[in-house]
Amino acid sequence: MYSKEEMRKTIERHGIRLTPQRTAIVDALSGFPGIFSVGDLQRHLAKSNPDLGRATLFRAIDLFVRLGVLEKVHREAGEDGYTVGVTGHHHHLICRICGDIRHIDFCPIQKDIDDLVLQEGFSDSVHRFEIEGVCAICREKSLRKKKKA
Ligand SMILES: [Zn+2]
Ligand SMILES: [Zn+2]
Ligand SMILES: [Zn+2]
């Protein structure tokens with residue numbers, strides 16, 4: 001996962017200026033180890049940066065996604081979210097209750113995809129998929145609740 005320092009370096013390496021607002025956003029990102037929405041980030045930043053508008057925030061997030069510093073995460077239920085990026089090809093395992101996210105750094109289907117792509121006469125393929133489930137902590141919590149009821 002990108003650290004604050006790595007995020008800054010990646011942004012600057014692309015010739016993008018770290019404005020005070022972008023710096024504030026980068027700083028805020030370390031407060032979100034899991035998945036967050038634009039609203040979450042905006043609420044988090046509201047106190048320290050009351051002037052930061054939603055449009056500026058959206059533009060910065062778009063930019064960070066393009067640089068790979070952030071990743072967009074599709075959720076089966078509810079709105080799509082974002083998470084701090086990880087380099088290299090990987091997949092996501094997401095808890096649908098708490099939004100905990102694991103970056104799985106191997107590809108279980110690369111070979112099948114390569115075969116399929118070749119068979120269809122395609123090249124230069126990319127793919128992504130996400131797996132949703134219930135994490136161990138949330139499962140434990142729900143079991144305890146059931147026992148009490
Ligand atoms: Zn969970
Ligand atoms: Zn990831
Ligand atoms: Zn893969």
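Predicted model: local features only at pLDDT ≥ 70, side-chain atom pairs only at ≥ 80, totals over all residues.
Student: What does the chain hold in the way of helices and strands?

Tutor: The chain has six helices and five strands. Along the sequence they follow the pattern α-α-α-α-β-β-β-β-α-β-α. The C-alpha trace spans about 55 × 50 × 25 Å along its principal axes.

Student: Let's take a single residue. Why is His 91 called partly exposed?

Tutor: His 91 has 17 C-beta neighbours inside 10 Å. A buried residue needs 20 or more, and an exposed one has 12 or fewer. The count of 17 lies in between, so His 91 is partly exposed.

Student: Where is His 91 found, and which residues does it touch?

Tutor: His 91 is found in strand β3. Leaving out residues up to four places away in sequence, His 91 touches Ile 104, Cys 107, Phe 129, Glu 130 and Ile 131. As for Phe 106, it is 15 residues from His 91 in sequence, with 7.4 Å between their C-alpha atoms.

Student: And why does Asp 124 count as exposed?

Tutor: Use the cut-off again: 12 or fewer neighbours make a residue exposed. Asp 124 has 5 C-beta neighbours inside 10 Å, so it counts as exposed. Its place is in the loop between α5 (110-119) and β5.

Student: How much of the chain is buried?

Tutor: Buried residues make up 16% of the 149 residues.

Student: Now the sheet. How do you know that β3 and β4 pair?

Tutor: Pairing asks for at least two bridges between two strands. Four bridges join β3 (residues 91-95) to β4, so the two strands pair. They run antiparallel. One of the details you can look up in the structure is His 92, whose bridge partner in β4 is His 103.

Student: What makes β4 and β5 the edge strands?

Tutor: Each of them, β4 (101-104) and β5 (130-133), pairs on one side only. The order of this open sheet of three strands is β4-β3-β5, and its pairing is mixed. Neighbouring strands are turned by 20° against each other on average, direction ignored.

Student: Which numbers describe how α1 and α2 pack?

Tutor: Two packed helices are described by the angle between their axes and the distance between the axes. The axes of α1 (residues 4-13) and α2 (residues 20-29) come within 9 Å and cross at roughly 145°. This crossing is right-handed.

Student: Which residues make that contact, and how do they divide by class?

Tutor: From α1 come Lys 4, Met 7 and Arg 8, and from α2 come Val 26, Asp 27 and Leu 29. By class there are three nonpolar, no polar and three charged residues. Lys, Arg and Asp count as charged, whereas Met, Val and Leu count as nonpolar.

Student: What are the domains, and how far apart do they lie?

Tutor: The domain assignment gives domain 1 (1-87) and domain 2 (88-149). Their C-alpha centres lie 22 Å apart.

Student: How do you know that the two domains touch?

Tutor: Residues are in contact if their C-beta atoms lie within 7 Å. Ten residues of domain 1 are in contact with eleven residues of domain 2, so the domains touch. On the side of domain 1, those residues divide into four nonpolar, five polar and one charged.

Note on methods
Residues numbered from 1 in each chain as written. Chains lettered and ligands numbered in written order. Axes fitted to C-alpha atoms, helices over the stretch in contact; angles between N-to-C directions. Left-handed = near helix turned anticlockwise from the far one by under 90°. Domains from an automatic or database assignment.
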